[in-house]
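Let's take a walk through a protein model together, one feature at a time. Keep the structure open beside you as you read.

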Amino acid sequence: MVAMGIRMGALVAVLLLLVCRAAAMEQPFRFGARVYNTSGSVVEGKLNVHLVPHTHDDVGWLKTVDQYFVGSNNSIQVAAVQYILDSVVTALEQDPNRKFIYVEQAFFQRWWREQSPAKQYSVKKLVDSGQLEFINGGFCMHDEAATHYVDMVDQTTLGHRFIMDQFGKVPRIGWQIDPFGHSAVQAYLLGAEVGFDAFFFARADYQDIVKRRKERTMEVIWQGSKSLGASAEIFAGLLTHHYEPPHEFNFDIDSPNSPIQDDPSLYGYNVPELVDLFVQYINNQSKEFRTNHIMWTMGDDFAYENANTWFKQMDKLIHYVNMDGRVNAFYSTPSIYVDAVHAANATWHVKTDDYFPYSDCPHCFWTGYFTSRPALKGYVRKLSGLLQAARQVEFLVGRKASGPNTDSLEEAVAILQHHDGVSGTERQHVADDYATRLATGAYEAGKVFNKALASLISTKAAENVPLVEEETSFKPGLRELKDTLFVPSFRNSDLELVQCNLLNVSYCPPTEVDLKSGKSFVVVAYNPLGWEREDFVRVPVSSSKIEVIDAEGNAIPSQLIPVTDADRKLRDKYVNLHEGVSAGVAPKFFLVFAAAVPPFGYTSFVVQPSSSSRNVAKMSSYETRRVARSIYLKSSNLHLTFSKDTGLLTQMTNRNTGVSTRMEQSYCWYNGSSGITEEDLNQASGAYLFRPNTSECFSFEDSQRLVTVFRGPLVEEVHQQFSPWISQVIRVYKNAEEAEVQFTVGPIPVDDSNGKEIVTKLTTPLKTKKTFYTDSNGRDFLKRVRDYRPDWDLDVKEPVAGNYYPLNLGIYMNDTETDVSVLVDRALGGASIADGQLEIMLHRRLLYDDHRGVGEALNETVCKSDNQCEGLTVKGTFYINTSPSEEAAQWRRIKGQQIFMPIQLAFSVLEDGNKEILHSPSFSALKKGYELPQNIAIMTLQEMVDGQVLLRLANIFEADESEKLSKTSTVDLSDLFPNKKIKGVIEATLSANQEKSSVKKLKWNVEGNVPNQKDILRGRPMLEDDTNVEIAPMEIRTFYISF
């Protein structure tokens, strides 16, 4: 009976196979060679499925950018971008209907340089035909939380410039498919103002997505700026399946899925079921969108290393789906998709805020990376300021065809904008590689900066004569000089300037020299802003009987502050770690003096042995004691009070405005979850996610703290120790309206097996009604309401992490009379967890991975030569101000610009004390007596290789932010370049890859009442032969200028 059952089963199987083969023979192909029809396009009246082949190539994450390109270190991740591009180009050449989009120019440019002229010609044909399209087009796919808008624009410009130079093409579409939340600035500035027609992304809060699917608002018109409104709107689309297709249609070489098996002579024939599944997916997805067009992203991370596996299967899919006829599928690109959606003439929902914070489950808020790797974030911000200043002085002396330039730093800072770069979500060895790239770029740019300043100082530059009279040939790298009155020479400069990159740990060899033997040293302060400014210089010195001489030869007030034991310990440790040498004998004092620096120029100061007791630097008085009575710090504008019981700041009074606010500033720490919880097992706090074990922020012991108070004519400061690994200095400078708080956090101890997330809090009695404000990439401020989202009803599961937002400029809160504002010196995370309270996360050290891909705990350590390791110490600064709203807005904007574009210092030792070498001790490149309006900043000033100058001018105020400065201002370009004859001015889009007048914006129908466009301010277009530029609130105007 058993044998008979087996024979009958075999007979049935044979009959079934014959039936299947007979059915298969009815399909429209014959055995042998198969030809697939891939020539589809939009068909009216059908659901049109746009298949968009792509790869997402991280510019560093689990491997370094170089390892990803060449394909090394594959034990971590098998990925090699060079082979992806090789394979894709070959596949495109085989079928003119195939299409592919590519994004990351940091990779593509490397690959392009390795190609033969014949291959480059072939690729250009693919680009011209539309088979290969550059999307987004930046050097990387930048982050949107930890990036400053200036850096976002720079890295985008770097990529767009290459695409225009090599291919004559302008990317049309923004493609931010992997960043962990999306900013308003990305939408209006890096979208509409760049000239994009649309912007696509893949991450939004899981609760938000549920509602959008129901209401068919996955695609919206995003008006990200309340100042620019509909004039800077963009079509924004949220992808349905992240940025890959449904898993059954992932055709990568290592996919576990069965391929489309259309040979009935083989087992596994599956065409009918896959076509049915495809149509089912499309029909379901169509219910969530407003037109008959659906886009599928056919790719994933580092996909298409074997492009044939993707394209061969997509050829079949298109062929058989279109034979079926229920829907229409074809190769497409986002540009083709947007044109089709626009032609559908639908009406769209309007979005006006942003997509922060992002959560992909109830206990999974991606708000930890706002602060992750704060030292790297600070380094990026510091070198961004150096890059802007170095470009300016490079322009002043003329860009050289050979030798050091700013390109290396430009590329390094651009790469760090990647969403696994400055975000802090990369592996440790990748973070080390990023830091090395930044250091290499800083070294090159530093040489440019130092030599250019030395050339200016050592010549008669300040006599207001032309530096260079030139005719531009507009050939890359060539500059023809004619009738030259003065060409500064780096070689002939007798003054050698250096920068002190470890000033933050009190190390600067040029300023620490012994001045007793007739030596002196010069400090050159360069101001990259278009306004005159006064900042305080602070450098370590070894001598006490010294004086500071300004550019006019006058002794100016100066102050000495003793170097503390804490300063010495930090110096000894980190100089050895960074320089590999002993820091030597620590200097005894910090020298402080006020540097008044002209706009877009420099001033030099000489520090020398004092010739008169009247001019000698004043020694600070100081005392160290347990807190037993109240402490006060004062300046002419500010008064701070500290508790006699705890030593904490308790009161801030702005004497200039009369505002006085009770305010306690303190530190505490959240215990980062290990993931061993009932609510969400295995969900730990990590590089991406912030998940505290409890909502309680654990304070430090309230025993009376040891404090040291320094007082002098220029600055008063209180040094406080909160624990063995947290300390701070609160400073009040003469005439300042803010308290400067310099914090030192680390090494964070974890020997108790608790990861820690360190927070500073400001607690006030302000009635803030759950409301506070945070910046968007350093530009607009957005209103935030605790436990609330404008687009959906928030179900709060994480009351702390779910209320954190990214900070690049700062955070503030207010009531009806007073603003309390905090500005930061790097990207961090901040929140208001209780009314009248602000908190900022400063540092994190965690012991568990959060299972979002990086596969590593965020546990930064530093190790000495004896392999003894400890947690990384971070030193940074934030600034606190209390003022009425009008004055507060002005302070935030102007002080924020000063923080982002700090005075750059350079130093030189004068061996014989001879100051004659300083022929031009002070200089401004602007027209004599001129400075920019207070609401206008020079965002970019960069000489290009063809001799043209790229200039961006930005209005830094929002509409209705300040009664005085929220207005349109006018700048005469001839005042910026008084010693050059302007021959031509071309206004360009923000990324400077096309003339602004050539941009034709798509018009979209929107729901609801449309705001009156007359209420939106825009500067008028420039007239021919006119040099006057109008810049409206939040407007940035970009120009190419030829001289």
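Predicted model: local features only at pLDDT ≥ 70, side-chain atom pairs only at ≥ 80, totals over all residues.

A disulfide is a covalent bond between the sulfur atoms of two cysteines. How many disulfides does the structure hold? There are four. If you count the bonded cysteines along the protein chain, they pair up in the pattern 1-2, 3-4, 5-6, 7-8.

Take a look at Cys500 and Cys508, which form a disulfide with their sulfur atoms 2.0 Å apart. Are these two cysteines buried or exposed? Cys500 has a relative accessible area of 11%, which is under the 20% cut-off, so Cys500 is buried. Cys508 comes in at 0%, so Cys508 is buried as well. The link between Cys500 and Cys508 is right-handed, with 60° about the S-S bond.

Next up is the disulfide that joins Cys361 to Cys364, with an S to S distance of 1.6 Å. This link is right-handed too, with 40° about the S-S bond. Cys361 counts as buried because its relative accessibility is 15%, and Cys364 counts as buried at 1%.

Now hop over to Cys863 and Cys869, joined by a disulfide with 1.9 Å from S to S. The torsion about their S-S bond is about 105°, so this disulfide is right-handed. What about accessibility? Cys863 counts as partly exposed because its value is 37%, and Cys869 gets that label at 44%.

Residue 364 also turns up in a database record. UniProt, in an unreviewed entry, places the feature "domain: Glycoside hydrolase family 38 central" at residues 364-438. In the model, that span is 60% helix and 0% strand, and its end C-alpha atoms lie 32 Å apart.

From here, let's turn to the rings. The structure holds 58 aromatic pairs. One of them is formed by Phe395 and Phe977, with 5.7 Å from centre to centre and 80° between the planes. Why does that pair count as edge-to-face? Planes over 60 degrees apart get that name, so the 80° here qualifies.

Ring pairs link Phe100, Phe249, Phe251, Phe278, Tyr281, Trp296, Tyr304, Trp310, Phe311 and Tyr331 into a cluster.

Finally, have a look at two spots where a charged residue meets a ring. Lys351 lies over the face of Tyr355, at 4.3 Å from the ring centre. Over at Tyr812, the residue lying over the ring face is Arg892, at 3.5 Å from the ring centre.

Methods:
Residues numbered from 1 in each chain as written. Heavy atoms only, no water. Phe/Tyr/Trp six-rings, centres within 6.5 Å; stacked < 30°, edge-to-face > 60°. Lys NZ or Arg CZ within 6 Å of the ring centre and 35° of its normal. UniProt positions renumbered as here; feature names shortened; annotations may be inferred. Helix = DSSP H or I, 4+ residues; strand = E, 2+ residues; numbered from the N terminus. Disulfide = S-S within 2.5 Å. Buried < 20%, exposed > 50% of the residue type's maximum accessible area, 1.4 Å probe, protein only.
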